[in-house]
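Here is a short briefing on one protein model. Look it over, then read the points below.

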Amino acid sequence: MFSKKAWTALSSEDQGLLKKFAREAQLEERDSGKKYEQQAMEKAKAAGCEITEIADKAPFQNAVKPVWDKYGPKYQDMIKRIQTI
């Protein structure tokens, strides 16, 4: 994260490098998170936990629809960003 003043003080080459390295770090963090999640799932299963995969999310989405209807308009931009991911 940069202030606009600090960002504009950088050369375009430095800005490009920072964008490149930030993207690489982002991808590495996502990969690390996926690996951690997989290890945690394996550990939970080994401990005897039953994991239920949800294929059809529609019933859950329908159950929380009143909440979406109430708060959705206020947080519309954030909801769209989350759904995009």
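Which side chain meets that of K35 in a salt bridge? The partner is D31, and the N to O distance is 3.2 Å. The model is predicted. The protein has five helices and zero strands. The notes below go from the whole chain to single residues.

**Overall build**

- Along the sequence, the pattern reads α-α-α-α-α.
- The radius of gyration is 20 Å, while the globule rule gives 12 Å for 85 residues. The value is well over the rule, so the protein is more spread out than a compact globule.
- The C-alpha trace spans about 55 × 40 × 15 Å along the principal axes of the protein.
- K80 and K4 are 76 residues apart in sequence. In space, their C-alpha atoms are 26 Å apart.
- V67 and K20 are 47 residues apart along the chain. Their C-alpha atoms are separated by 39 Å.

**Surface and charge**

- Of the 85 residues, 4% count as buried.
- The accessible surface of the protein comes to about 8300 Å². Carbon and sulfur atoms account for 57% of that surface.
- The protein carries 16 positive and 13 negative charges. The mean positions of the two sets are 8 Å apart.
- K80 lies in helix α5.

**Salt bridges in helix α2**

- How many salt bridges does a search of the whole structure find? The search finds three.
- K35 and D31 both lie in helix α2. They are four residues apart, about one turn of the helix.
- Is K35 buried or exposed? K35 is exposed, with a relative accessible area of 52%. That value counts as exposed because the cut-off is over 50%.
- D31 counts as partly exposed, at 37% relative accessibility.
- E24 and K20 also meet in a salt bridge through their side chains. The N to O distance is 3.6 Å.
- Why are E24 and K20 separated by about one helical turn? They are four residues apart in helix α2, which covers residues 12-46.
- E24 is partly exposed, with a relative accessible area of 40%. K20 is partly exposed too, at 45%.

- D69 forms a salt bridge with K65. The closest N and O atoms of this pair are 3.0 Å apart.
- Both D69 and K65 lie in helix α4. Four residues separate their positions, about one turn of the helix.
- D69 counts as partly exposed, at 47% relative accessibility.
- K65 is partly exposed as well, with a relative accessible area of 44%.

**The nonpolar patch**

- Which residues make the nonpolar surface patch of about 670 Å²? They are V64, V67, W68, Y71, Y75, M78 and I82.
- Two elements give two or more residues to this patch: α4 (65-71) and α5 (76-84).
- Which element gives the largest share of the patch? Helix α4 does, with three residues.
- V67, one of the patch residues, lies in helix α4. V67 is partly exposed, with a relative accessible area of 49%.
- M78, another patch residue, lies in helix α5. M78 is partly exposed, with a relative accessible area of 44%.

**To recap**

- The predicted model has five helices and zero strands.
- The protein is more spread out than a compact globule, and 4% of its residues count as buried.
- Helix α2 holds the pair E24 and K20 and the pair K35 and D31. Helix α4 holds D69 and K65.
- Helix α4 also gives three residues to the nonpolar patch.

Notes:
Residues numbered from 1 in each chain as written. Predicted model: local features only at pLDDT ≥ 70, side-chain atom pairs only at ≥ 80, totals over all residues. Heavy atoms only, no water. Rg over C-alpha atoms; globule rule 2.2 N^0.38 Å. Buried < 20%, exposed > 50% of the residue type's maximum accessible area, 1.4 Å probe, protein only. Areas by Shrake-Rupley, 256 points an atom, 1.4 Å probe, with all protein chains shown as cover. Lys, Arg positive; Asp, Glu negative; His and termini not counted. Charge placed at Lys NZ, Arg CZ, Asp CG, Glu CD. Patch = residues over 30% accessible without salt bridge, like charges linked within 9 Å, V, L, I, M, F, W, Y side chains within 5 Å. Salt bridge = Lys/Arg side-chain N within 4 Å of Asp/Glu carboxyl O.
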